[in-house]
Amino acid sequence: MRGPGSALRAGGAALGALALLCAAGAPGSASAAPAAAPGRLSATGLFADVATHAIARGVLPYSPQYPLWTDGAAKRRWIRLPPGTAIDGSDPDTWRFPVGTRLWKEFSIGGRPVETRFMERGADGRWIYATYLWAPDGREATLAPERGRRAFAESRPGVPYDVPGTADCRACHQGHPSEVLGFTALQLSPDRDPLAPHAAPPEPGSIDLAGLAARRLLRGFPAQRIAHPPRIEAPSPRARAALGYLHGNCASCHNARGPLSDLGFSLEERLAEAGTSAAVLRTAVRRPSVFRPGGAPAVRLVPGDPAASLLLLRMGSRSPYLQMPPLGTHVVDEEAIALLSAFVREDLADPHAIATLYP
Amino acid sequence: MTQKTIGIALASSAALILAAASPAHAGESRRVARGRYLVTLGGCNDCHTPLKMGQNGPEPDMARMLSGHPQALEMPAAPAIPPGPWMATVGATMTAWSGPWGVSFTANLTPDPETGLGKWTEQNFIDTVRSGRHMGRGRQILPPMPWQNVGAMTDEDLKSVFAYLRSIPAIRNQVPAPLPPAVAAK
């Protein structure tokens, strides 16, 4: 017989778990940031002058062509390599960054910076993750609590904007062998996709793949890939943009080399393998999903039928227990839904296109 | 049976006995035993094994050990909680919980490949309880699962727990998906 202790113990667990969930969004939560993360953004080396947001010398802006959807927040990104070092690009899909590499990503809403995320490769080779919250006057940003800050801002009236905790950072970044997700050969290709949703044009002085090679900041990368920059091979511009969107938004977790590889679902476009788009689609088109909504079987992508495609169902949901991506967004990316729906309805149902894409 | 045949049979048996007693096998047995100890001590059965009514009152239904909320048990809408300090309600099986997070149903931890952890890797399991996210990267793990406590175990202990969970009988039981607060309130 179970005594009341079991129920009390379980109830206590519930309250404890709930308290922790609530604490994730509580102002003034204790900050337990990684030891090496400075308390202020200005101490990370991003700025020559934080008050004017003047960027320090040696810090290079960049703009991935297939950015992650973050509820419409505008983003700027920078990288800094330690002087005299270079990225090891001998594995073209998994660049190795020198110790001391730093990356920043600034998120703005309505023209005002809200948060800046920061990564640094430590002396032990592991990446440090931190997030900085901007003061309303925009003159400095301070280290966020380790659990992040829920509803720190609004992406639009009444819609919360959450600042991720470091565990959230790791959930995405550590899903791929290279924890740096947006600074890759495909993302930095000068052959940019004009239909890629939400891509910001590179700002003056931005570094791309050709620039990295010219400045000898990338070593070991195949020379022919510099002369012929990476490009997703697809039978139509729409298919190229759709596959690029899935790569940029989903492949950090859904790839064949990370912890979720056993799902057999990879949306990663790899340079090292010919015909990657076909490989991607082999894991998605007419393939059953491991996730069974309501316990019922479901198929990832059904050619010609977006409504029956689980991938689109989950992209179009913001139920916290169904949505994809599972974190970092409260708003459906309607532009992407339209793009992917047309891709499924038309490209995947076109015999010529499917023969090219998915022989 | 000839002497030669008996000899081969004896040699085979000896090989099997030796294999069973090999350091690797003994290590695996120790790991499973350690996992059973941790799962018992950690109270995993409290919520992941449904309660049934026995002669002495509610007791864990060990025929459904660690298989989570029973698929056939469709829960009605959770009762509304009046204003005040009450926060959560729980089903009679201890496998369905309602609170500010919505309604959560305890997971099937058996090695069934379709409805349990059968396709999970050891690393998926460790990532889940360390991050509080499904498979380490998906949706949040909901109350009352004390993943923070479980995630504080050492790697070795978590591997033991997973080894034990892989050793128990697989039970096919599709646990419902959690309901978010808006749905739960309808």
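Visitor: What makes β10(A) and β11(A) a pair?

Guide: Strand β10 (residues 149-156) of chain A and β11(A) share four bridges, in the antiparallel sense. Two strands pair if DSSP finds at least two bridges between them. Four bridges meet that rule, so the two count as paired. Strands are DSSP runs of E with at least two residues, helices are runs of H or I with at least four, and both are numbered from the N terminus. One place to look is A:R156, which stands opposite A:V159 in β11(A). β10(A) and β11(A) form a hairpin with two residues between them. In its turn, A:G158 has a positive phi of about 85°.

Visitor: How do you know what to trust and how to count here?

Guide: This is a predicted model, where local features need pLDDT of at least 70 and side-chain atom pairs count only at pLDDT 80 or more, while totals for chains, interfaces and linings use all residues. Residues are numbered from 1 along each chain as its sequence is written, and chains are lettered from A and ligands numbered from 1 in the order in which they are written.

Visitor: Which strands does β6(A) pair with?

Guide: Strand β6 (residues 102-109) of chain A runs antiparallel to strand β4 (residues 74-80) of chain A, joined by seven bridges. There, A:K75 stands opposite A:F107. Eight bridges join β6(A) to strand β7 (residues 112-121) of chain A, also antiparallel. A:S108 faces A:P113 in β7(A). β6(A) and β7(A) make a hairpin with two residues between them, and A:G110 in the turn has a positive phi of about 60°.

Visitor: What makes a group of residues a nonpolar core?

Guide: A nonpolar core is a set of buried Ala, Val, Leu, Ile, Met, Phe, Trp, Tyr and Cys residues joined through C-beta atoms within 7 Å. Buried means that 20 or more other C-beta atoms lie within 10 Å of a residue's own; exposed means 12 or fewer, partly exposed in between, with C-beta atoms placed from the backbone. The largest such core has 38 residues. Those with the most contacts inside it include A:I79, A:L103 and A:F118. β8 (127-134) of chain A is among the elements that give two or more residues. β8(A) supplies the largest share, five residues.

Visitor: Which residues does A:L103 touch?

Guide: A:L103 touches A:I79, A:M119, A:V180 and A:F183, leaving out residues up to four places away in sequence. Contact means C-beta atoms, placed from the backbone, within 7 Å. A second, separate core of 35 residues includes A:Y66, A:V280, A:M324 and A:V344.

Visitor: Why are β3 and β5 of chain B called edge strands?

Guide: Their open sheet has the order β3-β4-β5 (chain B), with antiparallel pairing. β3 (89-90) and β5 (102-105) each have a single partner strand, so one side of each lacks a neighbour in the sheet. Strand β4 (residues 96-99) of chain B pairs with β5(B) over four bridges. B:S98 has B:V103 as its bridge partner in β5(B).

Visitor: How many residues of chain B are in contact with chain A?

Guide: 38 residues of chain B are in contact with 29 residues of chain A. α4(B) gives the most to that side of chain B, with four residues.

Visitor: How many helices and strands does chain B have?

Guide: Chain B has seven helices and five strands. Buried residues make up 37% of its 186 residues.

Technical notes:
Contact = placed C-beta atoms within 7 Å.
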